[in-house]
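Have a look at the structure before reading on.

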Amino acid sequence: MLHGMDSAADVAARLGATGYLSDDELATVVFLAARMQRPLLLEGEPGTGKTALAEALAQSLEVPLVRLQCYEGIDASQALYDWDFPRQILHLRALEAGGEVDPDEAEKSLYDERFLLARPVLAALRQAPAVLLVDEVDRADDEFEAFLLEVLSTWQVTIPEFGTVTAPEPPLVVLTSNRTRELHDALKRRCLYHWIDHPGLEREVEIVRSRAPEVSDALARQVVEVVQQLRQRDDLLKPPGVAETLDWARALTYLGTADLDLASAAMTLGALLKYREDADRVRAALDRMLSR
Amino acid sequence: MTTTLHDADEVFLGFTRALRAAGVPVTQDRAHGFLAAVATVGADDRQATYWAGRATLCGSPDDLARHDQVFAAWFDPRDGLPRAQQREASRASTAHLLPEAEGTGGAGETEEEDVVRAMASEAEVLQHRDVATLDAAEKRRLAGMFLRLSLHPPVRRTARHRRWHRGELDASRTLRNSLRHLGEPGEIAWRRRGTRPRRVVLLVDVSGSMTPYADALLRLAHRLTRSARASGGTVETFTVGTRLTHVTRAFGTPDADRAIVAAGEVVPDWSGGTRLGETLRVFLDRWGQRGMARGAVVVVFSDGWERGDAGLLGEQMARLQRVAHRVVWVNPHRGKAGYEPLQGGVVAALPHCDDFLAGHSLATFADLTEVIARA
């Protein structure tokens with residue numbers, strides 16, 4: 001798992017090779033998470049690249065990314081495993097058709113690995129080394145957090161009919177949270193914590209250049225300058241994140257815009273702003289922002 | 001305090017202690033995690049030590065800000081640790097909120113024979129008294145009566161199904177039953193949608209004009225938080241005024257007095273001005289719109305004496321109503337004779353509320369819990 005990740009600089013270089021530009025702090029925290037085998041808890045504004053980090057990590061380590069999307073009411077059977085009932089029945093029928101059946105043998109054959117549906121957490125443990133992304137963990141309930149805590153501290157899962165599955169090598173776990181509720185302290189204590197901020201002007205231009213190479217240098221800079229100004233405003237319901245910057249730059253490129261002007265900006269504003277109120281406010285100010 | 005004089009680990013452990021003194025909840029295992037992280041990145045790398053501290057010792061953006069201050073003070077000591085003094089000041093400013101915390105309870109003084117009967121009828125009267133007019137002893141007695149409020153969390157339907165004796169067919173469970181009989185058709189299982197407690201969010205105005213009610217309202221919030229937790233639901237509490245403060249964590253203790261002291265330590269704006277519109281916007285931007293207020297029952301406790309822009313307040317209340325399941329406005333003056341909702345803030349906010357309730361006495365609090373339960 002750690003090959004080629006011997007220092008924070010290695011981590012940064014590997015992430016950079018996949019197009020994900022990290023700063024020194026993020027690289028250090030990822031390095032620590034890998035070395036100390038601790039989950040990494042990422043918080044920050046939506047669109048700052050929390051989920052993208054997990055994707056980039058999996059890509060740079062050349063291991064599978066297993067994603068668990070959390071939602072209200074998620075429980076252990078959706079995160080761990082389930083049995084494939086229809087196939088179990090078919091199997092039984094096949095046994096019967098084949099002749100005499102010993103009930104004990106038949107039952108044993110039903111709880112075989114091939115009828116086990118591995119849900120994300122189990123899949124990550126079995127596929128290790130892997131990157132397990134637990135996305136938007138703040139949306140799940142307290143009980144689910146307690147369950148996660150158990151898996152994340154023992155790296156094993158017990159299936160009553162089957163036995164205990166232990167990861168040969170703990171997966172690298174990335175949890176993301178949008179802070180819709182405060183996570184339990186016990187979970188936070190297990191994790192390394194990192195707050196992802198919006199990038200600065202130069203870094204964001206680099207990000208656009210690296211993630212969307214089809215966008216021209218000049219356009220990338222113009223787009224980022226406008227976005228950075230928008231983030232300074234305090235009257236927007238949802239200031240644009242990096243993901244929106246990328247969307248907007250790509251949208252403009254698809255329309256053949258080489259130089260950001262008022263008409264094309266107004267047309268593509270929907271890629272950047274997702275509230276009517278925000279779009280109205282920005283449209284009014286766009287003229288002044290572009291004329292500078 | 002310099003690295004040359006002490007054993008390195010001692011310096012780092014001292015830093016975790018200083019951080020704890022500054023209000024970051026640093027536990028033993030976090031401190032160990034920090035030492036392990038420093039050992040991994042190398043203790044001589046100051047910048048990496050700083051990042052290791054942020055990653056292992058902090059758990060929220062507030063913690064990060066405190067960490068940075070203490071880090072700067074601990075590793076370049078120039079002017080001591082200013083945080084300690086600030087903390088004393090905030091404690092002093094909240095002391096008046098406690099109804100004689102040291103006292104043994106108001107009822108202890110009287111030695112008359114019929115004290116029990118007197119208290120019973122007084123309890124009846126206290127139910128309807130305006131909490132702002134109570135003296136310290138009466139407040140203590142009232143505090144005990146909060147336990148008698150009957151509370152039921154509101155519920156919502158879930159996407160998950162529960163087993164039921166009729167309803168729609170539960171195919172997977174039916175298959176499982178059949179499997180138990182080795183594939184022979186078995187009992188047919190039925191299911192229906194389950195229910196879960198709905199989230200409740202309380203926004204308590206702690207500005208100057210609400211000071212006489214703050215203690216009672218926080219007690220109510222604490223009571224709601226504890227009882228919701230017992231039944232698997234969640235209640236989140238914020239104080240509003242000139243700033244927004246999340247105080248749910250302080251309500252972790254079952255003891256109401258200690259919970260209110262703990263809340264007092266984190267709230268920086270007791271008895272300040274009211275800029276409800278602005279703090280409401282901060283709430284919606286930072287928490288509400290992202291999910292905390294989504295589908296929740298949101299209760300705003302305020303008298304609506306808005307010093308900021310009433311238009312902004314109306315706009316934010318409209319936003320709140322679009323996100324929340326139900327918005328309840330509780331105004332302590334509502335229940336008083338001759339009250340008219342004329343203040344700028346109230347006029348702006350009322351069109352966007354589903355309920356407008358009184359909130360000045362225990363009896364009105366009971367009405368409120370009823371409204372929340374039915375939401």
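Which side chain does Arg54(B) meet in a salt bridge? In this predicted model, the partner is Glu25(A), at 3.0 Å from N to O. That pair crosses between chains, running from helix H3 of chain B to helix H2 of chain A. Arg54(B) is buried, with a relative accessible area of 12%, and Glu25(A) is buried too, at 14%.

Over all chains, the structure holds 36 salt bridges. Here are some of them:

| Pair | N to O distance |
|---|---|
| Arg54(B) and Glu25(A) | 3.0 Å |
| Arg126(A) and Glu113(A) | 2.7 Å |
| Asp257(B) and Arg219(B) | 2.9 Å |

Asp257(B) sits in helix H10 of chain B and Arg219(B) in helix H9, so their pairing ties together parts that are 38 residues apart in sequence. Arg219(B) is buried at 5% relative accessibility, while Asp257(B) counts as partly exposed at 23%. There's also a salt-bridge network, linking Glu182(A), Asp185(A), Lys188(A) and Arg249(B).

H11(B) covers residues 276-292 and has a kink of about 55° centred on Leu284(B). Its end C-alpha atoms are only 18 Å apart, short of the 24 Å a straight helix would reach. Of its 17 residues, 12 are buried, among them Leu284(B) and Trp287(B). The cover over those buried residues includes strand E4 and helix H12 of chain B.

Elsewhere on chain B, Leu169(B), Ile188(B) and Trp190(B) make a nonpolar surface patch of about 270 Å². Trp190(B), in strand E3, is partly exposed at 33% relative accessible area.

Terms used: Residues are numbered from 1 along each chain as its sequence is written. Chains are lettered from A and ligands numbered from 1 in the order in which they are written. This is a predicted model: local features need pLDDT of at least 70, side-chain atom pairs count only at pLDDT 80 or more; totals for chains, interfaces and linings use all residues. Side-chain values use heavy atoms; hydrogens and water are left out. Helices (H or I, at least four residues) and strands (E, at least two) are DSSP runs, numbered from the N terminus. The expected span of a helix is 1.5 Å times one less than its number of residues. The bend at a residue is the angle between axes fitted to the seven residues ending there and the seven starting there. Buried means under 20% relative accessible area, exposed over 50%, partly exposed in between (1.4 Å probe, protein chains only). Contact means heavy atoms within 4.5 Å. Patches are made of residues with over 30% relative accessible area and no salt bridge: like charges are joined within 9 Å, nonpolar side chains (Val, Leu, Ile, Met, Phe, Trp, Tyr) within 5 Å. Accessible areas come from the Shrake-Rupley method with a 1.4 Å probe; for residues, only the protein chains shown count as cover. A salt bridge is a side-chain nitrogen of Lys or Arg within 4 Å of a carboxyl oxygen of Asp or Glu.
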